[in-house]
Amino acid sequence: MRITRRALLGAAPLLAMPARAQGSFPQRPIRIVIGFPPGGGIDILARLMAPHMGARLGQPVVVENRPGANGLVATQAVLGAEPDGHTIFFGTTGNLAVNAGLYPNAGFDLLRDMAPLSLVASLPFVMVVNPAVAARDVAEFIALAKARPGTLNYASSGNGGLPHLSGELLNAAAGISTIHVPYRGSAPAFTDVIAGQCQFMFDALAIAQPHIASGRVRALGVTGPRPMASLPGVPPVAATVPGYEVVNWYGMTLRAGTPAPLVMRLQAEIDAALKVPEVAERSAALGLDLVGSTPEEFATFQRAEIAKWGEVVRRGNIKPD
């Protein structure tokens, strides 16, 4: 199932829309719970959307940061709330798909215990190498890796995160053997790629762009299905490795058992917030593609992502720290 990206610019402002349009919901402020500290892309997007959602709902929408355990702390907070629509979980691919494979004994099931609201945004990664690596494109890199199995190291922002799994997926899809070196965050990972301690890595363009622009790393490919306008001349990895695709996505869910009318009301307000020009423009600057979907579309998409990344986790025998 392919979810089409929505046309976002030129949407009418939302603040003039009538508030509290459906019954007595919401009866108090709505929380958007995030499993990351303030300042990251998902946090910025939530804070962009919140006032527009609140204006239409007639209650404040507040962002609550609950970092820890790859998003498990935030997930548990939402699962412990009443299923009344007042607590939303805003998670990433890692939180809402990869964790199902990493933490099979977490005490909950993402598909059974969470009710999908909407796929909100997507963000492909970029594959970069140290300039000393004798590869100008993905094909040359794969040839080098096959000639030197087990000698090329790739850095990541942490064990079990999507940048880590991007490398594991490339190993499997291209038939190569490279070695994962986890770091505590993207900054130290880039430091060692730039220094040549590791040869390559995958990460978000917003983080990689300054290093690409300065020549400290070289971009070989993007992990999404299409080239990125901000990286002209850099093709998708899939142009060389058919079927390879890694897109970090953001999605909103609720505790299962939330009444269907409340689910649909919140989904409509999420969709409307994504069409606000300010939200669209700021998101584009972060490299985000805004999506918007029905709960049913998101459920189908999430199920496929859980299966995809669960297989990568099992095949790589990946364990959380």
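On a 1 Å grid over the protein atoms alone, a cavity is a set of points where a 1.4 Å probe fits but cannot get out. A pocket is an open set with protein on both sides within 12 Å along at least five of seven lines. Lining residues have an atom within 4 Å of a point. Grid points are joined across faces, edges and corners, and a volume is the space filled by probe spheres set on the points.

This is a predicted model: local features need pLDDT of at least 70, side-chain atom pairs count only at pLDDT 80 or more, and totals for chains, interfaces and linings use all residues. Residues are numbered from 1 along each chain as its sequence is written, and side-chain values use heavy atoms, with hydrogens and water left out.

## The cavity

The whole structure holds 1 cavity of 30 Å³ or more. The volume of the largest cavity is about 40 Å³. Its lining is made by Val 78, Ala 81, Glu 82, Pro 83, Asp 84, Gly 85, Thr 87, Leu 254, Arg 255 and Thr 258.

Sort that lining by class and you get 4 nonpolar, 3 polar and 3 charged residues. Here Ala, Val, Leu, Ile, Met, Phe, Trp, Tyr, Cys and Pro count as nonpolar, Asp, Glu, Lys and Arg as charged, and the others, Gly among them, as polar.

## The largest pocket

The largest pocket has a volume of about 1200 Å³. Its lining has 42 residues, and Phe 36, Thr 92, Ser 157, Ser 186 and Asn 248 lie nearest its centre. Several elements give two or more residues to this lining, including α1 (41-57), β4 (114-129) and β9 (247-255). Helices (H or I, at least four residues) and strands (E, at least two) are DSSP runs, numbered from the N terminus. By class, the lining has 20 nonpolar, 19 polar and 3 charged residues.

Take Thr 92. It sits in strand β3 (residues 87-92). Is Thr 92 buried or exposed? Thr 92 is buried, with a relative accessible area of 8%. Buried means under 20% relative accessible area, exposed over 50%, partly exposed in between (1.4 Å probe, protein chains only). Beyond four places in sequence, Thr 92 touches Phe 36, Ile 42, Ala 97, Asn 248, Trp 249 and Tyr 250. Contact means heavy atoms within 4.5 Å.

## Nonpolar cores

A nonpolar core is a set of buried Ala, Val, Leu, Ile, Met, Phe, Trp, Tyr and Cys residues joined through side-chain atoms within 4.5 Å. The largest one has 85 residues. Leu 45, Met 49, Phe 90, Phe 141 and Leu 170 have the most contacts inside it. Strand β4 gives the most to this core, with 10 residues. A second, separate core has 18 residues, among them Ala 189 and Val 193.

## Aromatic pairs

Rings of Phe, Tyr and Trp (its six-membered ring) pair if their centres lie within 6.5 Å; planes under 30 degrees apart count as stacked, over 60 as edge-to-face and the rest as tilted. The count comes to 7 aromatic pairs. The rings of Tyr 154 and Phe 200 have centres 5.3 Å apart and planes at 40 degrees, so this pair is tilted. Tyr 154 lies in strand β5 (residues 153-156) and Phe 200 in strand β7, so the pair ties together parts 46 residues apart in sequence.

Tyr 154 is buried, at 0%. Phe 200 is buried too, at 0%. Trp 249 and Phe 301 have ring centres 5.3 Å apart and planes at 70 degrees, so that pair is edge-to-face.
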